[in-house]
Amino acid sequence: MSQQGYVATPPYSQAQAGMGGYSTGFGNPPPQSHYGAYGSPPQGYSAPPTGVLKPPASSPSGMPPILVSSQYGANIQQNGAHPHSFAPPAASDPSMSSYGQPPQSAFYSMAQSPPPTQQLTNQMSSMNIAGYGQRPMQSPSSSAPPQQFQTSPPQQFQTSPPQQFQTSPPQQFQTSPPQQFQTSPPQQFQTSPPSAMGHPPLSPPGQQPPSLGSPPPMATMGSMSAPPMGMSGPPGPGVHQPPLGPQGYQQQPGSPIAGPYGAQMAGPQMAGPQTGAFPGGFPGAPSQMAGPPQKKLDPDSIPSPTQVIEDDQVKRGGQVYVSNVRGQVPPLVTTDFTVQDQGNASPRFMRCTTYSFPCTADLAKQCKVPLAAIIKPFATVPKNETPLYIVNHGETGPIRCNRCKAYMCPYMQFIDGGRRYQCGFCSCVNEVPAQYFQHLDHMGRRMDMYERPELSLGSYEFIATLDYCKNNKPPNPPAYIFMIDVSYNNIKSGLVKLICEELKTLLDRLPKEEGAESSAIKVGFVTYNKILHFYNVKSALAQPQMMVVSDVAEMFVPLLDGFLVNFQESRPVINNLLDQIPDMFADTNESETVFAPVVQAGVEALKAAECSGKLFIFHSSIPTAEAPGKLKNRDDKKLVGTEKEKTLFQPQRGVYEQLTKDCVAQGCCVDLFLFPNQYVDMATMGDVPSHTGGSIYKYSNFQVEVNGQHFLNDLKRDVEKSIGFDAIMRVRTGTGFRATDFFGAVHMSNTTDVEMAAVDCDKALTVEFKHDDTLSEEAGAVMQCALLYTTIGGERRLRIHNLSLNCSAQLSELFKSCETDALINFFAKSAYRAMLNQPLKAVREILVNQTAHMLACYRKNCATPSAASQLILPDAMKVFPVYMNSLLKTPSLVGSTELSTDDRAFYRFMVMAMGVEETQVLLYPRLIPLHTMDVSSESIPAPVRCSEERLSESGMFLLENGLSMFLWLGQACSPDLIQNLFNVPSFGHLNSEGTSLPVLDNAHSRKLHSIISSISQQRATSMKLLIVKQKDRAEMLFRQHLVEDKGLHGGASYMDFLCYVHREIRQLLT
Amino acid sequence: MATYQEFIQQNEDRDGIRCSWNLWPSSRLEATRLVVPVSCLYTPLKERPDLPPVQYEPVLCSRANCKAVLNPLCQVDFRAKIWACNFCFQRNSFPPSYAGISEVNQPAELMPQFSTIEYIVQRGPPTPLIFLYVVDTCLEEEDLQALKESLQMSLSLLPPNALVGLITFGRMVQVHELSCEGIAKSFVFRGTKELSPKQIQEMLGLMKPATSGQQGKPLAPHDAAASCRFLQPVQAVDMNLTDLLGELQRDPWPVPQGKRPLRSTGIALSIAIGLLEGTFPNTGARVMLFTGGPPTQGPGMVVGDELKTPIRSWHDIQKDNARHLKKATKYYETLSNRAAVNGHSVDIYACALDQTGLLEMKCLANLTGGHIVMGDSFNTSLFKQTFQRVFSKDYNGEFRMAFGGTLEVKTSRELKVSGAIGPCVSLNSKGPCVSDNEMGVGGTCQWKICSLTPATTLAMYFEVVNQHNAPVPQGGRGAVQFVTQYQHSNTQRRIRVTTIARNWADAQSQIQHIESSFDQEASAVLMARLGVFRAESEEGPDVLRWLDRQLIRLCQKFGQFSKDDPNSFKLSESLSLYPQFMFHLRRSPFLQVFNNSPDESSYYRHHFVRQDLTQSLIMIQPILYSYSFYGPPEPVLLDSSSILPDRILLMDTFFQLVIFHGETIAQWRKAGYQEMPEYENFKQLLQAPLDDAQEILQTRFPMPRYVDTEHGGSQARFLLSKVNPSQTHNNLYAWGQESGAPILTDDVSLQVFMDHLKKLAVSSSA
């Protein structure tokens, strides 16, 4: 990283005492130089942003030649190659334009005439505004004159970069508190602005980046436009960067995209800068860079998530996190650590947005930081951590507080010699039951404290008594019902055959109770198109029996005995059936399907068998057959961007609503595997799964050869994963606050009980808390999550997670204890829920406003006074803006007609059920350079920032976001590497559609496969590996995950966003 | 002329006809005064081994509303090749194919001995017979096993090209697909939801999906044959079906304590009928329902599933306390009519110790010519053999069943047809010979009889419409023609034509002749059918009163007596037995519901209205034979005086076959004398009634309940309830005498009945 920048910018570093670690990331003064740089590299993408401002016309014409080459080139060595960075305008143009985001031309303008830095800052701010205004945000674009841009930028570029690099020592980064992002130097702003523009491509003309203020300090701030090249890392390269920077700008202009915006600005300007300024700039740049440190906003100067992650890993990775301290902030989700439960639930189970709650509601309101916990009750516990203990309190059931019903836990205070205890939640004093009595030691603790998990641990389980069972009867083991759509599409694609084959082996791996010989789970099979076929696979039968139910209007289960069976016992019959199914329907021409009746059938079957369970539905098309829950195509692209856009995501009510209730009441979880060739009304079809703790998988245009393995991996994982059924959860809290809102794949029939037909190890629930009253600092804030569920063995249990937090009247405490990953999870879920009821535009505005409010509050109350132009971020929220910006760019929220409505709805469902870990990587994918990997090392190479400028033509990168995985191959990637990995001589020999990565016997191949497999193991869903060659069509898919860049479908670059937020903050502060 | 006895016998043998009167009163007024209407019992398919069918089409009268068939009563002008219709007097020319006829070369239909003739006609492609088994699976394991075996056995009895189908039901209804390999496939329906025929066909995939324009229109039969996987030729699916039946399991749904199993009979039948209706309308088909209990859910439910609510009894019905009765009856009637319209018949094989809802379901069989068989269990020979006998073959090796019959009646103009009573439905065909005065199923001259056996006998009632002041010319004859079109079991279409004629007589001048032409057996049965028909809709006592009044009026009309002197009353020979028939009829289960469940009543009545005269008479007045050492077996009076210690009695009530060993015989038997060589004669005596019983059992359909009992045995009640209680505990003055056994009853005896009758008949006030 170019931490030097920090050094250069004294203000930052000073300001944030605490933040040290942080600031480095950002702080880099080099940023300035970067500007130029980043402008360029990103151009590939980010370029557009800048370009936007400018008139398209000019850009295309002017830039082309240079740009072309540059895009990749730039990447190659971080910033290095100027020429490259220019990236072929032509190339960029088209792409850009296609996306429709017109990058602003701002950059260009900047290049032309360097205005005084100050001015620039101003301009920036104004620009941003404008930018947002057009797009997402509100304010109409100010009339920022293009000129300004023109003037300022160029200068900056040239000058700043070099200097910064040189100067800024890494140390500074550390020191400078991340919090302050302040963009101190006006110059920087200037630089930044362009970037800003970039992302808010929208932002019309000219106004560039608002003053991001001091780029350096804030490393975070940011490079809106994303630092082109600059990888976060190497300062050295920094030098190079500068040069790039300028280019970058040029490109941007070049990126015709800008067209729309640009038009106003500057046709003329553009032209000017491009041709003249840039060239000039470059040469000069290097030298200049060295000199003036702070002038420009370097992408490396804005807070880098990868750096933050790395730092945390360095600092806390591999350590044991002992949960004995109240309000202790856990390591980041990305950090590899071991948990030792000593009274608080592992962060794997519960993670909070802040570990220090404000004492009063007023304070909470003031800071705007949401108080929430993300609970993943079934989170997988790593092998090296202790599994949950099981506590049996005997026939009377778990001991609970008489008043609030909280379960016995470490927060109960035993008094009166151990005869009574005071509830840690409601303070009620209860008698200790005789059989539970134990003497207290001199500390007032029970003698048996360490013998009883419920007195010493944060997480444990109780055996539930009959009182906790439905109808007071012990539950039956759950059942898995496989329901296969055998309509024409699925037969033709070979899917049915694939599933049937897989099930034969898969069923051997049904989850089982620890120590059990075989799984207690029963299985059943249904096939359907517009009618349903049930199968009797009773072990006594010589051959299976098929029972057709065509009365889809009122679904029922035609058989009881023989439908749900033990796989081991009925294996021959089941195998016989699975062999026959593909043949039976081989010549079907039925293309209509039903859906709601299928789910209904599953529910009825479970009802008849008096058990809970899970439906695996393999479905192909929108259910149009005459039946309840019939759907029609209501995908209307015209609604995108309008007030009514939200209706696209609202499920059809009625049948599905009732179905959800039925499912939840029966403990019937629905997992939906969709194989659509076209619109399927995902919003409605996903409604039931998303309320029953189910998962949704979607494989568009499924082909066995292409997606088969991916699907099978998902299926395997889904079948095998640990899960609890028929669950009901309650979150109890200490006095003064309470859980008010719940987000997740759950159903709520009242305001406190969370009902989940099933909950598995990947499902997380986000709970928001509100103050009722004042919290005391000594008592802190305690919470207890109690989950009553049925195990896969058919046992009823209560899983308890306890967590205690601090309370503080000091906002600084709160900000210090914030957990960005958890925060963004909360924001993602709340936004995704809000989008059902509010226009997307409003949702986005709220998100941005809240971001600005939080940061403004920090600035106002916690940061040391500094120039208003400085952007100061709390250390713990340093990378919050990049996540937030990424969230704003997620397909669901971005609102583009080019994204399929189904995909957006699908994405929405996915996110609603995600835990912190998943949202983190989703919003900030890992981009892992492979060309530099050390094949002898075990570890995964350190990821680089998600920005085009970090790519290099000669590089090879692996990108993963938890949902998909890309292997990006630069055009100039080493033939040796290609040979080693693909067994073909060169890049050119690679099939552009290839998705398979052969397993070869050489170090590189082995290493890559080991990386991929270790990544997949960390993720909840299997990821399909897509191999993307640079400049291939498929590259677009890849690029939209470079979240620091301007979004392909709209959305600002990181840098631009930061600028915008900063401007907002400044407004708030004044 | 021979005696009327011979005449009647001869006519019956030739035409299958027994008339109440063999001389017909020539005016409406006179006819009404005769009390017993002009009517006949007609057995359309009476077996006539001596009557080979002719292979051509019948010649029809050309008058549009007549269309009578050329018959021996027609006047023929051989030279002009013209014949005159004897019903409408239309003159018709013979068709070209008759060009060669002459006095000496007459076609069969003109010969007097062919007053009944059968034509084989070619109409459309032959369609195979269809047998659709509808099987209740809520049976005891043993019962189900027996039923499965019977069904499997039946497959071998079916014509090889016959189509078979299988529907099973319990809580759900399953329609089994028969042509699938590797996996047994069935369509399942909820047992509680009523579906329209269209829905059923859609759900079974019988609609052509592609041609949405024609939706709702069933497939043409031959298409359906190809596509209907549910009905397949026996020869093709024999093995499959045998296996399928073998694998049938009891309804798997748990039956909680205190509940009846849920049995969706109503829906199963509706689906069966819907299936046939959609695929093979107007084709001979039998839906064979095998049930072991009452329908307990869904439409057609007869009783709820709570065991604590017993199934309706006559008591409940009379108190209007049978909740489901009306609804269920209506439901089954609707179904019956649908089946009848399409020419499909429904058999009910109900085997259970308790009632099974025959009362509600009877119309299915009654209106479609189906069988009803009632037994205690499927695991009895009664059921097994009866069921086997359904598929019995005649002397030609052909099944004794015919399908899709229509019976049309044509009358000469002095007569009109009032109605018919039998296993038929009205086709609502109005014509000149239809009387406004309905008796039985009237208002039409055509009836549909979906299924016929050689024994199926209808009672036809006529009205003489000739006015009193328009006398029929001397020697005039009234004629009636019965035209029965049907599908023979070998799938041929056939037409049987019976033309009868009777002389008109002036009732005033020839009353004695008319009286002597009275066929008291036929009349008893015909009146009994009227009574039973009434009993279906009227209160029991009203029917009895009506019957009594008719009897009294008849006696007044034909009896010889002096006013108010009962002792002077006499009846001529031709009427002498009639009152006795009426006496037994009054006591019969057809009119008495006491001691019978509604199901039993329905069952008895069902058979009564379809059997031929002989069987009907047995039902009215059971036959009693006596075996003793004193002579050959002899018929004895159905009277308690016939019950003697040293006799063996064999009683045939049609439904039961009772062998009753007198007290002494029973002791001997118990002592084992029959085992001793020296008492070989005793052994023979014991064996004799068994042999005779066996003979009856061989031919009877349905199999009677076979009872072997002895004096004092509990089963002796079957005998005791039938005999005339001439000796009861009330009048047993001859205690100790060899005068039979006293019956413990308050019922009136024949003697008392006759006394009352006489008194009333001679009473001037009556």
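Which residue lies over the face of A:Phe378, and at what distance from the ring centre?

Modeller: A word on conventions comes first. Residues are numbered from 1 along each chain as its sequence is written, while chains are lettered from A and ligands numbered from 1 in the order in which they are written. This is a predicted model, in which local features need pLDDT of at least 70 and side-chain atom pairs count only at pLDDT 80 or more, whereas totals for chains, interfaces and linings use all residues, and side-chain values rest on heavy atoms, with hydrogens and water left out.

The residue you ask about is A:Arg799, which lies over the face of A:Phe378 at 4.3 Å from the ring centre. A charge is taken to sit over a ring if NZ of Lys or CZ of Arg is within 6 Å of the ring centre and within 35 degrees of the ring normal. By that rule A:Lys614 likewise lies over the face of A:Tyr480, at 5.9 Å from the ring centre.

Seven of the seven residues of β13(A) are buried, so the strand is largely enclosed by the rest of the structure. Buried means under 20% relative accessible area, exposed over 50%, and partly exposed in between (1.4 Å probe, protein chains only). Both faces of β13(A) are covered, with A:Ala479, A:Ile481, A:Met483 and A:Asp485 on one side and A:Tyr480, A:Phe482 and A:Ile484 on the other.

Rings of Phe, Tyr and Trp (its six-membered ring) pair if their centres lie within 6.5 Å, with planes under 30 degrees apart counted as stacked, over 60 as edge-to-face and the rest as tilted. The count by this rule is 68 aromatic pairs over all chains. In one of them, B:Tyr603 and B:Phe655 have ring centres 5.6 Å apart and planes at 50 degrees, so the pair is tilted. Because B:Tyr603 lies in helix α16 (residues 598-608) and B:Phe655 in the loop between β25 (648-652) and β26 (656-661) of chain B, the pair ties together parts that are 52 residues apart in sequence. B:Phe655 is buried at a relative accessible area of 9%, and its ring and that of B:Phe654 have centres 5.0 Å apart and planes at 85 degrees, so this pair is edge-to-face. B:Tyr603 counts as buried too, at 5% relative accessibility.

Finally, β25 and β26 belong to an open sheet of five strands in chain B, in the order β24-β23-β25-β26-β27 and with mixed pairing. At its edges stand β24 (631-635) and β27 (705-710), each with a single partner strand, so one side of each is left without a neighbour in the sheet. Strand β23 (residues 623-628) runs antiparallel to β24(B), joined by three bridges, and B:Ser626 has B:Glu634 of β24(B) as its bridge partner.

Methods
Two strands pair if DSSP finds at least two bridges between them. Helices (H or I, at least four residues) and strands (E, at least two) are DSSP runs, numbered from the N terminus.
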